[in-house]
Amino acid sequence: MLLVQALAVRGRQSEARERWRKVSVFLAGYGWRKDVTIWEVIDPLPALAAVDRGRALAAAALTQGLVYQVVDHTDGKETRHAPNAWFSKLCRMDLVGSLELVARSANESGGRIDWRLESAFASAVDAARQTGSPLVLNCLQNTIPFQDEADEAERRFDVIERLLATDRVRGHAALYLLEAQVQGDAKEFDTTAYDKLRQFGVSHNIPVSPPDPVIGEARRESSQNGAEFRDENRSEFGKVLDGMPVFPINASPLAILSALRARPSYVDDRADHSRLVNALGFRIAELLQAGNEQDALRLLVDFGRRQAFFSLAKPLASLAEGLERHGYARPAALVFTLAYTHSHGRGGWDTLGGTEQQDWLERAIALSQETALRTLASEIAFHLHEKHYTMGITAQIVELSAKYISADIAFAAWEEAYGVVRHRLPGDVDLTDPFMPYDPDHTQALSLDEALVFLLLSRVSHPELGRKVAALSGIAEVVHVAPQLVVAAVKCILRADTCFTTVVAVLHTVLESEQPPYPLTAGLRVDLEYLLRTDDYVLSEIAYLLLQRAGVTPTRQRHQADMPPGRGLTAKRRRAVLSLDWGDRTEKIRNVWPDFSGLITDEFDRVFESAQSHRQRSGSRHETAKSRVCKGLPPTPLLFWEKELFEVAFSKVLTGIDSHLWGTGAWTPQVHAEIVNEVLPETRLQTAVWFSRTVRPKIPLPSQQRGASLSPTPISGEGDYDGWYRAGYIEYELLLNKGPVGDYSGTVQAASGLVFVADRSELDDMGIPLGCGSADRCWFPHEVADNSSIERFEGPLVGLNWIEDFLGRPRVLMLPSELARHCRLTFRRWPGRLEFVDSGGEPAVVFRCWHLRPVGNEISEAQPRLSGCDLIVRADVFESICALSDNEAIELRRTQRIEPRAQ
């Protein structure tokens with residue numbers, strides 16, 4: 001408007017008039033900062049789909065652009081949820097299409113962190129909860145952190161109950177994992193949700209551990225009910241009125257009207273209105289019996305219009321039911337319609353009743369359609385003329401037209417509303433955030449379960465490592481049990497612009513988990529053969545291994561990537577780039593190819609500097625990982641964008657290894673197997689750790705523990721594990737300052753382990769009482785050695801290993817593989833938790849891990865206040881191990897405080 005004034009002052013009248021018209025379109029009648037009228041276009045879409053799905057889906061596609069524009073055009077305070085409102089309606093209209101849409105959107109740009117996508121993901125899972133595969137749905141809901149809500153627990157029970165009915169073993173495992181999530185995922189421990197969990201366990205004869213807040217505050221939902229609220233808040237004057245007649249004796253219609261208008265206009269939904277309803281119903285019946293129907297109807301309309309109902313017009317509905325029982329069809333139809341038009345749907349936000357009150361309107365139409373529709377029209381006119389707030393009327397007109405009149409009229413009404421909103425919004429703005437464009441004519445031909453698997457695969461693109469590994473764990477389980485559901489979904493991610501690490505992780509999971517006769521690999525043969533010819537070493541090698549295992553004779557045809565001239569990077573810059581690597585991959589390859597590290601740093605720098613978007617995306621993820629509230633808190637583990645690009649550069653440069661080895665005469669037939677074993681992530685171990693999550697055992701907090709050397713004592717108070725021995729344990733506790741903010745002040749590390757030593761004085765110089773080793777070789781031995789003899793054992797019994805790859809850095813405890821073989825123990829199964837079983841299949845050695853109480857509810861504060869793991873050993877196995885040593889076993893405990901600057 002200031003620009004209009006300036007143009008007018010300068011005499012540029014035509015420009016001023018044009019600008020004024022545009023401003024008027026944007027602002028007229030809708031305030032300065034919001035346009036909630038968009039809900040009038042979104043809300044009736046499912047009702048339109050019920051009468052003409054094709055036209056309704058086209059309408060949904062048209063509306064998608066408006067929901068983006070309205071958010072961009074306003075301050076977002078009341079419109080920022082419009083894209084998710086639109087998506088939730090789409091789920092009801094086109095479930096498979098909506099699943100595919102959120103999967104494609106989550107996969108875009110290498111994966112994104114966006115609360116709108118997170119909300120849409122949860123909405124999509126909820127929409128399929130009753131009809132999709134319970135196995136896939138359970139895997140999906142496991143990738144959603146539990147947010148301390150009892151209702152959320154009950155929704156997850158629905159899926160687990162269906163899973164228990166089809167696969168009781170996996171149903172049990174799902175419930176045990178949910179137990180750990182309910183106790184650990186939320187900032188506060190919700191005892192109400194945990195009580196519901198225990199009840200569910202009892203109903204299915206599955207024991208659940210007693211609740212234990214452990215750290216932080218416990219929260220319980222308020223149990224205060226409406227009756228208590230009413231009794232405590234009724235005024236003395238109101239109690240006196242209870243003893244007085246509602247209307248004067250022999251009151252005329254005018255006296256009745258006067259008495260009604262003298263009553264408070266606000267009607268509490270929770271109050272008991274039976275006296276008023278009975279008294280008014282009796283007076284209305286008297287008027288009707290006397291043939292004074294017009295006065296009776298006027299009284300009813302005046303009463304309905306003057307009462308202010310918060311949500312449900314229950315007194316009107318009760319009055320209508322009484323009139324219907326006494327045979328007064330026309331008055332009953334009128335009052336039922338009044339009950340609908342003066343209720344407020346959508347939690348009280350709408351002017352008219354919602355779907356939960358449409359039963360009253362249907363009863364009115366059944367009694368007298370003419371009276372019901374006339375009353376409906378007159379009450380809508382009353383709201384529009386007399387009330388300032390008219391939200392929801394347009395949407396209800398469209399819905400009612402679709403249900404009771406005709407599809408053409410309903411669509412005509414919707415199109416008029418759409419035209420008004422579209423005219424008012426800046427149509428030249430092209431936005432596709434957070435969802436990619438929805439086109440009902442070009443969706444993938446997927447079944448519901450295939451679309452759910454596609455959604456699960458897209459979850460691997462999420463930058464937050466916890467969700468990423470949870471998704472991979474689910475994929476491993478689905479590939480193992482139902483590979484036929486995975487073929488089409490994997491094709492979707494292979495043929496889309498999916499980030500490199502996602503494709504690597506998914507295909508490697510398939511390689512680890514698929515069972516003979518490998519139907520998934522057979523279904524992916526064309527796509528895998530294409531990967532053989534790409535300039536990505538890692539992808540081409542995984543494709544080669546998959547095809548070879550399935551009986552195909554593949555040929556390595558990959559294209560060696562062209563390496564441009566060196567970029568003259570400084571030594572400091574090269575060190576910074578190489579620090580992005582995990583493990584010692586680069587160093588091992590440089591031993592046979594000295595130029596490898598230089599080629600990688602040059603290629604990474606070229607890619608990173610090729611587009612400003614790479615730098616922006618990298619900075620955005622670092623900003624997301626850093627807490628703005630808790631000062632000094634370690635960043636949340638994410639797959640940072642520069643690490644994604646490093647993996648791309650690493651794989652591309654590695655395509656030159658063949659020509660280099662041939663040129664130096666160092667090539668061998670085993671070289672690719674050796675390289676692949678070094679460069680692929682520890683997918684199987686990462687997911688096995690995820691499956692091993694449990695409720696934290698009842699041990700003191702690390703900050704409460706003290707160093708000591710003790711004789712081993714059996715575990716107690718842990719149900720099935722009573723009598724076992726805790727052979728190794730390590731845990732970290734984040735310390736937060738007291739106060740409203742609670743800045744990070746350090747970490748306490750507590751560790752314990754069983755140690756076999758001849759002289760206790762040796763313990764004085766021992767630090768952490770855990771050894772070291774390769775977790776992969778200990779848990780998944782690649783060769784079986786002779787267990788007939790073993791050397792006498794001494795030193796720490798349990799080893800500690802940090803897995804390190806782009807999927808994260810979890811801790812793993814392990815028993816030396818030679819001891820497991822001596823005790824005739826074998827790994828149980830994968831996908832599944834880390835445990836050794838005896839010859840009878842009973843658990844003998846179990847690894848457990850836990851993490852609980854994130855510092856806050858945002859991803860930037862997802863660091864758990866407690867995270868740890870232990871390794872427990874059955875008593876008879878412990879005795880067999882002790883028999884191998886000439887020394888007694890000692891439990892050594894150590895604690896250490898780590899200051900923030902030392903991390």
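1. Let's start with the second largest pocket of this predicted model, which holds about 1400 Å³ of space. Its lining is made up of 48 residues. If you want to find the middle of the pocket on your screen, look for His 172, Tyr 176, Thr 694, Tyr 721 and Arg 833, which lie nearest its centre.

2. Which helix gives the largest share of that lining? It is H11, with nine residues; this helix spans residues 168-184. At least two lining residues each also come from helix H9 (134-141), helix H26 (465-481), helix H39 (683-691) and strand S13 (843-854). By class, the lining of the second largest pocket divides into 22 nonpolar, 12 polar and 14 charged residues.

3. Searching the whole structure turns up three cavities of 30 Å³ or more, and the largest cavity has a volume of about 110 Å³. Among the residues that line the largest cavity are Arg 112, Asp 114, Glu 118 and Arg 459, along with Val 102, Phe 121 and His 462. Helix H8 (115-128), helix H7 (95-107) and helix H25 (448-459) each supply at least two residues of this lining, and H8 gives the most, with three. Sorted by class, the lining of the largest cavity has four nonpolar, three polar and four charged residues.

4. The aromatic side chains deserve a look too, with 19 aromatic pairs counted in the model. Take Phe 646 and Phe 650: their ring centres are 6.3 Å apart and their planes stand at 40 degrees, so this pair is tilted. Both residues belong to helix H36 (residues 641-653), where they sit four residues apart, about one turn of the helix.

5. A second pair, Tyr 729 with Trp 850, has ring centres 6.4 Å apart and planes at 20 degrees, so it counts as stacked. Tyr 729 lies in strand S6 (residues 725-736) and Trp 850 in strand S13, so the pair ties together parts that are 121 residues apart in sequence. Both partners are covered: Tyr 729 counts as buried at 2% relative accessibility, and Trp 850 is buried with a relative accessible area of 3%.

6. Returning to the phenylalanines, Phe 646 and Phe 650 are part of a cluster linked by ring pairs, together with Trp 593, Phe 596, Phe 604 and Phe 608. Phe 650 has a charged neighbour as well: Arg 585 lies over the face of its ring, at 4.1 Å from the ring centre. Elsewhere, the charged end of Arg 80 sits over the ring of Trp 115, 5.1 Å from its centre.

7. Strand S9 (residues 799-802) and S10 run antiparallel and are joined by four bridges. Which residue of S10 stands opposite Trp 802? The answer is Arg 811. Strand S10 (residues 811-814) is covered on both faces, with Arg 811 and Leu 813 buried on one side and Val 812 and Met 814 buried on the other.

Terms used:
Residues numbered from 1 in each chain as written. Predicted model: local features only at pLDDT ≥ 70, side-chain atom pairs only at ≥ 80, totals over all residues. Heavy atoms only, no water. 1 Å grid on protein atoms, 1.4 Å probe; cavity = no way out; pocket = protein on both sides within 12 Å on 5 of 7 lines; lining within 4 Å. Points joined across faces, edges and corners; volume = space filled by probe spheres on them. Nonpolar A, V, L, I, M, F, W, Y, C, P; charged D, E, K, R; others polar. Buried < 20%, exposed > 50% of the residue type's maximum accessible area, 1.4 Å probe, protein only. Pairing = 2+ DSSP bridges. Phe/Tyr/Trp six-rings, centres within 6.5 Å; stacked < 30°, edge-to-face > 60°. Lys NZ or Arg CZ within 6 Å of the ring centre and 35° of its normal.
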